[in-house]
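Please keep the sequence and the structure in view as you read.

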Amino acid sequence: MARVLIVEDEPAIAENLAALLRLRGHQVELVADGPEAVEAARKRPPELVLLDVMLPRMSGFDACRLLKADPKSAKAKVIMVTGLGRMGDVEDAFNAGADDYLIKPFDSERLFKKMEKVLAKP
Amino acid sequence: MGAGAAFAAGLLLGAAGAALAARAVLRRRAALYGRLFSFAMHELNTPVTAVNMTVMNLLEGVFGELPAAQRPWVEMTREQVGRLNALVGEIRDLVHMELHKEMRLTVAEAAPKEVVEEAVGALRRGFELAGVELRVEVPEGLPLVRADADRAPRSLTSLLFHARKFRKGGPVTLAAARGEGTVDFSVTYDGAPLSPEEAAASLDLFYPAMPRDDHQLAATGLGLGLARAVMARTGGELDFSVEPGGRARLTLRLKAAA
């Protein structure tokens with residue numbers, strides 16, 4: 001089971017994700033924007049970050065760069081969550097240091113497959 | 001530049017000037033519409049995602065066991081949300097192809113069985129509730145395909161929706177088979193007889209609504225046309241053939257991985 005930081009400004013999505021992950025035994029922390037994510041990851045380094053792209057105050061890409069640049073949070077795996085068809089999002093996610101991406105909407109099976117895959121990476 | 005300015009340019013510079021000005025106006029409008037639709041689809045995507053997750057969590061018992069009497073209604077909602085999601089994705093792809101003139105796909109190797117399961121997952125219960133038998137035949141040993149992990153299942157879903165919508169009776173069959181350097185996903189059903197020209201036209205983007213005496217529902221021209229256009233960008237092909245008796249076959253050919 002992993003410590004997961006969910007960075008999502010839409011409460012309905014964040015709460016649903018959290019409920020799903022908690023049911024599977026993961027420890028979940030919720031934040032709603034990029035600066036909060038960076039702060040939370042520094043204080044309580046997660047093993048995995050589910051990071052939305054479109055966020056208030058700071059984009060998910062910038063947040064990802066900061067997370068990966070900070071030694072305290074650099075080891076956390078990052079899955080960027082993006083809307084289907086946003087041109088270049090996937091490329092930009094990898095350029096920002098993300099380990100993988102998920103396209104909204106996604107089902108739990110796909111989410112858990114991605115989580116398993118990135119958490120298994122060295 | 002607006003239409004008034006283009007008109008003024010025409011008065012001052014003649015026909016050539018008017019044409020150039022009109023072209024600039026149209027390009028600016030297309031770019032504006034493209035951005036507008038992109039933003040609108042993004043805004044729509046968020047509530048669709050939220051509703052989809054809630055429905056999935058209800059079905060998976062995340063919020064406690066779902067009462068048996070409520071389950072069919074939530075399952076029906078799941079399918080409708082799936083349709084809404086597919087429509088949002090299709091319109092978004094259309095905007096990128098037609099207005100932005102650019103669409104990036106994420107092509108990777110995928111197992112045919114996974115593509116089929118992804119496509120069928122949200123539909124199976126809807127077929128049951130509609131009283132339509134859905135047969136799925138995916139043999140073992142098929143090669144991996146080169147596909148966009150989101151759009152390939154969505155295209156197959158479009159074919160299945162089309163079959164369910166336009167069938168006149170009998171089951172709908174989705175079968176995967178090895179082709180020549182491809183894996184061929186075929187959806188077959190008994191529908192209305194169509195001429196080869198009509199069948200071919202059904203795959204055109206913007207195929208107009210088609211009122212007919214022998215099937216009341218109208219095609220929008222979005223599902224099949226868009227599936228063909230998107231799949232072509234991954235090296236895939238979509239064919240539609242209808243036998244004289246109305247036996248219809250939609251075949252999506254995806255390139256086998258090397």
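## How much of chain A is buried

Of the 122 residues in chain A, 45% are buried. A residue is called buried if 20 or more other C-beta atoms lie within 10 Å of its own, exposed if 12 or fewer do, and partly exposed in between, with C-beta atoms placed from the backbone.

A word on the source: this is a predicted model, in which local features need pLDDT of at least 70 and side-chain atom pairs count only at pLDDT 80 or more, while totals for chains, interfaces and linings use all residues. Residues are numbered from 1 along each chain as its sequence is written, and chains are lettered from A and ligands numbered from 1 in the order in which they are written.

## The fold of chain A

Chain A has five helices and five strands, and from the N terminus on they run β-α-β-α-β-α-β-α-β-α. Helices (H or I, at least four residues) and strands (E, at least two) are DSSP runs, numbered from the N terminus. The radius of gyration of chain A is 13 Å, close to the 14 Å that the globule rule gives for 122 residues, so chain A is as compact as a globular protein of that length. That radius is taken over C-alpha atoms, and the rule is 2.2 Å times the number of residues to the power 0.38.

Taken along the principal axes, the C-alpha atoms of chain A fill a box of roughly 35 × 30 × 30 Å.

## The nonpolar core

The largest nonpolar core has 80 residues, and those with the most contacts inside it include V7(A), V49(A), I79(A), M80(A) and L160(B). Such a core is a set of buried Ala, Val, Leu, Ile, Met, Phe, Trp, Tyr and Cys residues joined through C-beta atoms within 7 Å. Leaving aside neighbours within four places in sequence, M80(A) is in contact (C-beta atoms, placed from the backbone, within 7 Å) with residues including L51(A), C64(A) and Y101(A).

## An exposed loop residue

R57(A) lies in the loop between β3 (48-52) and α3 (60-69) of chain A. This residue has a positive phi of about 70° although it is not a glycine. Is R57(A) buried or exposed? With 12 C-beta neighbours inside 10 Å, R57(A) counts as exposed.

## Where chain A meets chain B

In chain A, 19 residues are in contact with 23 residues of chain B. On the side of chain A that touches chain B, α1(A) gives the most, with seven residues.

Conventions
Two residues are in contact if their C-beta atoms, placed from the backbone, lie within 7 Å.
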